Amino acid sequence: MKLLAVLLSMLILTSCTFSSKEDQEKGEKTAVPDIILERAEYLLGQSGENPIIIYGDKITFYSKDNRAELDKFSFVQKADDGSIILEGSADGGLINTKTKTLNLEGSVILRKVDEGMEIISDNLIFDSENEEASADGKVMVKSKEGNFSGEDFKGDLRNMVYSFSKMEDGNINL
């Protein structure tokens, strides 16, 4: 009788959960990083081109998603002779490692040193392969030609052509 009571109490205290394959697919997928680097250096580019060297306090890589998350970082791109072509910094960002696009956030500065141009904003998307930049919100551009500020910036850094959807202020140096 005691044995029967113990078996019944075990059966009552034991619970089972059933879930279908559909329930598992509906659940949120958690992205797990492949590697997390602190005080790291990362080269964004391929052989035969001048890569962008990224120095980050923390770089988290998700290879399945072709992305890397950045905390407090700076970057530089050098010409073959060692002179700086491009440099910048931001509080945080995201790199698409496949398309080589950088989404920069927080105190963004991007300088095209060889052209004497600087872009300052709260956020910026930089397509490193096409050398195109765009930013929503307020943006300031300083260059040899003058200083300009406005909203919703788009720039072709190869040809040094840029525009704002709304110009707030500017001056041209003659």
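Me: Is Ile 53 buried or exposed?

Reply: Buried means under 20% relative accessible area, exposed over 50%, and partly exposed in between (1.4 Å probe, protein chains only). Ile 53 has a relative accessible area of 16%, so it counts as buried. Bear in mind that this is a predicted model, where local features need pLDDT of at least 70, side-chain atom pairs count only at pLDDT 80 or more, and totals for chains, interfaces and linings use all residues. Residues are numbered from 1 along each chain as its sequence is written, and side-chain values use heavy atoms, with hydrogens and water left out.

Me: Which residues is Ile 53 in contact with, leaving aside its neighbours within four places in sequence?

Reply: Contact means heavy atoms within 4.5 Å. Ile 53, which lies in strand E2, touches Glu 41, Tyr 42 and Leu 43, plus Ser 74, Phe 75 and Val 76. Strands here are DSSP runs of E, at least two residues, numbered from the N terminus. The C-alpha atoms of Ile 53 and Lys 78 are 8.6 Å apart, though 25 residues separate them along the chain.

Me: And how many residues does the largest nonpolar core have?

Reply: In soluble globular proteins, nonpolar side chains tend to be buried together. A nonpolar core is a set of buried Ala, Val, Leu, Ile, Met, Phe, Trp, Tyr and Cys residues joined through side-chain atoms within 4.5 Å. The largest one has 31 residues, and Ile 54, Leu 110, Ile 119, Leu 124 and Phe 126 have the most contacts inside it. Among the elements giving it two or more residues are strand E2 (52-62) and strand E6 (117-127).

Notes
Helix = DSSP H or I, 4+ residues; strand = E, 2+ residues; numbered from the N terminus.
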